[in-house]
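Me: I'd like to learn how to read pockets and helices in a model like this one. Can you walk me through it?

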Amino acid sequence: HWADPIHNIPDTADARRLAYAERKKNLQVRYMLSAAKQCIGHDTEGCIVVDVGCGRGYLTFALAQAFNGRCKVIGLDNNHSSLEAARQYAQSANVSNVSFLAADISEVDFEDSLKDASHVIFVALHACGGLTDCILRLSRRFKASCAVCCCCYRTHPALRNPRELWQCSDAPSVSSNGMNDNVAVIARLAEAHQHPQSPRAKLLFNIWRLLADEKLSEREHSGSSVAIHRRLSLFPSSASPHNNVIIIKRPHSD
């Protein structure tokens, strides 16, 4: 039952949580699981998957089951109570290929955590604001693939690097929130879900992210001729009408 988020919740007496899992979370987890499989492919031996913002482990345990112990899954979150619930479930279900780390993403020593990996995948279900940009930066640094669900475009500005990001938008000036004026306007529009142009604003915002990633990858790994596949996808409307998913597949040999 790991792949069904309903069975990953230690407190099954929480009716509201169960109802949300049945109505939305299951669909979101299955979609992200499919995206992660696209990134990993068939070569899972020695792979480490980092689930950023894992919460209680909805996606973490689904990944652990899907790859059947052939790769290690690390759940990362700064909410200690959620991680304790996830650890309790891992112990009770005897899930051996997962571990959980309570930390802010900016404080993690990934050099040490990922040193034994043959290849790395970063995944995130609902990476709010600057958290998406931080994951994309880590993806470039470790030449890792990633599948990131983007949301809440103006939050976590401290995780953005204004000297690197948004170079593909029209205005070069950057304000204290890590965004130039044009990007800030699009971010506000992206979060205005009832506005008819909100879906287009989300797409534009994330297209800028993909274009910036392409430019920065070329700069940081100059001389590499390896093809990197980038695409932007959408959750099914039944799962969420508001989320874009960035998928970047970097070859394992890169």
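Me: What volume does the largest pocket have?

Reply: Start with the general idea: rolling a probe the size of a water molecule over the atoms shows where empty space is left. Keep in mind that this is a predicted model. Here the largest pocket comes out at about 460 Å³.

Me: Which residues that line the largest pocket are the closest to its centre?

Reply: Those are V52, G53, D77, N78 and L131, out of 20 lining residues. By class, the lining has 11 nonpolar, five polar and four charged residues.

Me: Which element gives the most to that lining?

Reply: That's β4, with three residues. At least two residues each come from β1 (47-52), α2 (58-66), β2 (72-77) and β4 (119-128).

Me: Now helices. How many residues does α5 have, and how far does α5 reach?

Reply: In general, an α-helix has 3.6 residues a turn, so residues three or four places apart point the same way. In this model, α5 (residues 130-141) has 12 residues and spans 17 Å from first C-alpha to last, close to the expected 16 Å.

Me: Is α5 mostly covered or mostly uncovered?

Reply: Mostly covered: 10 of its 12 residues are buried, taking buried as under 20% relative accessible area. Among them are L131, C134, I135 and L138. L131 also turned up among the residues closest to the pocket centre.

Me: What do the buried residues of α5 pack against?

Reply: Their partners are β1, α4 (110-113), β4, β5 (145-151), α7 (198-220) and β7 (244-249). One more thing to look at: just after α5, K143 has a positive phi of about 50°.

Technical notes: Residues are numbered from 1 along each chain as its sequence is written. This is a predicted model: local features need pLDDT of at least 70, side-chain atom pairs count only at pLDDT 80 or more; totals for chains, interfaces and linings use all residues. Side-chain values use heavy atoms; hydrogens and water are left out. On a 1 Å grid over the protein atoms alone, a cavity is a set of points where a 1.4 Å probe fits but cannot get out, and a pocket is an open set with protein on both sides within 12 Å along at least five of seven lines; lining residues have an atom within 4 Å of a point. Grid points are joined across faces, edges and corners, and a volume is the space filled by probe spheres set on the points. Helices (H or I, at least four residues) and strands (E, at least two) are DSSP runs, numbered from the N terminus. Ala, Val, Leu, Ile, Met, Phe, Trp, Tyr, Cys and Pro count as nonpolar, Asp, Glu, Lys and Arg as charged, and the others, Gly among them, as polar. The expected span of a helix is 1.5 Å times one less than its number of residues. Buried means under 20% relative accessible area, exposed over 50%, partly exposed in between (1.4 Å probe, protein chains only). Contact means heavy atoms within 4.5 Å.
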